[in-house]
Structures are given as structure tokens and as C-alpha cells.
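I opened a notebook page for this model.

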Amino acid sequence: MTLILALDFGGTKLAAALVNVGSRKWLRYERCLSPVDADANTDLEIMRSLIYSLLQDAKPAAIGVSFGGPVDASTGTVRLSHHVPGWENIPLKRLLEEEFGVPVGVDNDANVAALGEHRFGAGQGYDSLFYVTVSTGVGGGWILNGQPWRGAGGMAGEIGHVVVDPAGPVCLCGKRGCVERLASGPYMAQNVREILQTKPQRREGIRSGEVLRRLVGDDLTLLTGQLVAEAAAAGDDLAKEVLHKAAWALGVGIGNVANLMNPQRFVLGGGVTKAGEYFWQVVRQVARETALPEVDFEVVPAVLGDDAPLWGGVALAEMGMA
């Protein structure tokens, strides 16, 4: 029995799973939230406890790791985490190889999720695909000619920082109108919050923001991207407006990427992609309008859900065993 251990260091959660090579079903699975005040050491200790709980004296043949932040995949060194302090230049691959004595592969979460969807999910049977995750941020991962493509410095796929509205709001990266600044969950919530705070009354007689206010009991600090989607589905005009802008931004980004690289499929995952049929309709329509008529592609939902990085970890580990 050959075992593979898959690990997922997310910005807010940690997950680990054990699987037999060739199986599509987890043997054992552990997941927990990262503490709010966590640092790299905290997350490493929690992950170690998850690993030993899973292994129960067994030994994996290889380990595949998804990390939520920039990674030098050639050395398995984490450059930093945008959400958890203390991860700067941590040699995660070396640490795990020293502790467990088996080959370890480490890459950023979007690249690993792309690999997971390609091998086990919506990308099966396709040589080229671009995976996009739309949640706390917006990231992307490439599969070209059946292999991960990371770019010269490992930064390929950063669709979140493609500028689609040069006059738009300022993004965390310092530029204006990035896809992430308009389409990520926290930024959608922020956009709604700012409009409601500056224009608290109904705008031009439209029932705008009332559902949103009701959902959070008038406490605008409780707004989330998910609540924006719920309010839009319930007919709130402001929520629909912000959701439309998010879907538009993502669609423009996808259409431009389609023109540039011409992949067969775009596979979309992450919490924001659960925003409902209207969101998908706008994304697909705008992507199609942005791309040249001759450029053929599909935009489809990811099928592995939150487990895409873990299944990608399995694929990464298998590649290290080959």
C-alpha cells in the first residue's frame, strides 16, 4: 500500500489528507481553522498535529503541499504569506523532508489547484487550461501541454492583478482597477460598504441596499462577499450592481487571457464562483465579447471545490515519485 500525504496551508484554514496511490477517495482527512492571531510557527505546529493524527504510525511515500502565497517551486521555499506573518523565506520543502524522510513538492495554491483540476477534476482530458480561484483574492494557475507552467520567476497566472479599469479603485498592490480589486469577496463587501456609508439613503428612488442592511442588522462591518451575492439574488439593486461589476471585471480578464494564450478551458473555483447563475452568465458573456471571435474556449466551474489544492498536492507528490 503506497500512501500519499497532501497538505493545504490556506490563509484561514489548514487541511491534510491521506490517500492510496491510484485511489480517488481519501483514506483519512483532517481540517481546522487557523487561529486569528496565528503566525508561521503556529500554523506549522497545527499542521504537524494534523499530519501525525492522519499517519497513525504509517509512512507516506511522498508529500505534496499547497501554500496560500508566493512559493519558489524549484526549491520549495515559501516567499511570504499575505495573510499570516512569519512565513518569509521559510524552506518548507526542506523542513518536511528532514522530518519525514520522503520527497516533498511545494507550490502556491493556484498552481496546485490547477494541477488538481487537470488530473482529477474539470480539466481531465484537456492539454491546456487556466484555473482561476476567486475568493479572498483572485489567483490563477496554468496547465500547458499537460504540465504546470509557472513562468520565468514563478509568477505566471496573476490574473488578479490584470488591470481592467484604469480609473477604478486602488488595489492592495498599488494599481487601480485590478480584477482582484473588483471581483474578490472582501473587496465586493468593501465596495458595498463604502457606497452605503457615503450614500445611506435610497438612490433615485431605487430600493438599493435595503436587503443588504437587513442581512447584517445595519452593522455594515458584517458584510461579506457571500452576503452581497445573497442580497443580489433577493433583488437588492446595489448588491446586483456590485456583483455585476465583479463578474464584468473577471470576464474582461478572462477574455484578455484567452486572446493572449488561447487555452482550451478556463476552470473557475473559490467561494465567489458560488454567487449564482447571474454571476456566471455575466462572466461568460463579457469574456466572449472581450475575446476575438476566432478564439475558442469554455468557462466552466471547478468540480473539486475546496479540495482542489489537496488533490493537486496528490498530483504534485506523484510527479515527485516519478
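Entry 1: I looked up D306 first, and D306 counts as partly exposed at 40% relative accessibility. My cut-offs are these: buried is under 20% relative accessible area, exposed is over 50%, and partly exposed lies in between, with a 1.4 Å probe and protein chains only. R31 is partly exposed too, with a relative accessible area of 41%. The two side chains meet in a salt bridge, at 3.8 Å from N to O. D306 sits in the loop between β12 (298-301) and α10 (308-321) and R31 in strand β3 (residues 28-33), so this pair ties together parts 275 residues apart in sequence. By salt bridge I mean a side-chain nitrogen of Lys or Arg within 4 Å of a carboxyl oxygen of Asp or Glu. Helices (H or I, at least four residues) and strands (E, at least two) are DSSP runs, numbered from the N terminus.

**Entry 2: ground rules.** This is a predicted model, in which local features need pLDDT of at least 70 and side-chain atom pairs count only at pLDDT 80 or more, while totals for chains, interfaces and linings use all residues. Residues are numbered from 1 along each chain as its sequence is written, and side-chain values use heavy atoms, with hydrogens and water left out.

**Entry 3: further salt bridges.** How many salt bridges does a search of the whole structure find? I get eleven. One of them links D107 and R150, with the closest N and O atoms 2.5 Å apart. D107 lies in strand β7 (residues 104-108) and R150 in the loop between β10 (147-149) and α4 (179-183), so the pair ties together parts 43 residues apart in sequence. Is D107 buried or exposed? D107 is buried, at 3% relative accessible area. R150 is partly exposed, at 26%. I also noted R213 and D218, whose side chains meet in a salt bridge at 3.1 Å, N to O. D218 is partly exposed, with a relative accessible area of 48%. Shared partners join the salt bridges of E45, R48 and E99 into one network.

**Entry 4: strand β4.** I turned to β4 (residues 62-67). Six of its six residues are buried, so the strand is largely enclosed by the rest of the structure. A62, G64 and S66 point one way, and I63, V65 and F67 the other. β4 pairs with strand β1 (residues 3-9) in the parallel sense over six bridges. Pairing here requires at least two DSSP bridges between the strands. D8 stands opposite S66. β4 also runs parallel to β7, with five bridges joining them. There, the partner of F67 is N108.

**Entry 5: domains.** I recorded domain 1 (3-108 + 306-321) and domain 2 (159-301). The bounds come from an automatic or database domain assignment. Their centres, taken over C-alpha atoms, are 31 Å apart.

**Entry 6: cavities.** I found two cavities of 30 Å³ or more. A cavity is a set of points on a 1 Å grid over the protein atoms alone where a 1.4 Å probe fits but cannot get out, and lining residues have an atom within 4 Å of a point. Points are joined across faces, edges and corners, and volume is the space filled by probe spheres set on them. The largest cavity holds about 40 Å³. Its lining includes F9, D43, F67 and W87. By class, I logged four nonpolar, four polar and one charged residues. Nonpolar means Ala, Val, Leu, Ile, Met, Phe, Trp, Tyr, Cys and Pro; charged means Asp, Glu, Lys and Arg; the others, Gly among them, are polar.

Conventions
1 Å grid on protein atoms, 1.4 Å probe; cavity = no way out; pocket = protein on both sides within 12 Å on 5 of 7 lines; lining within 4 Å.
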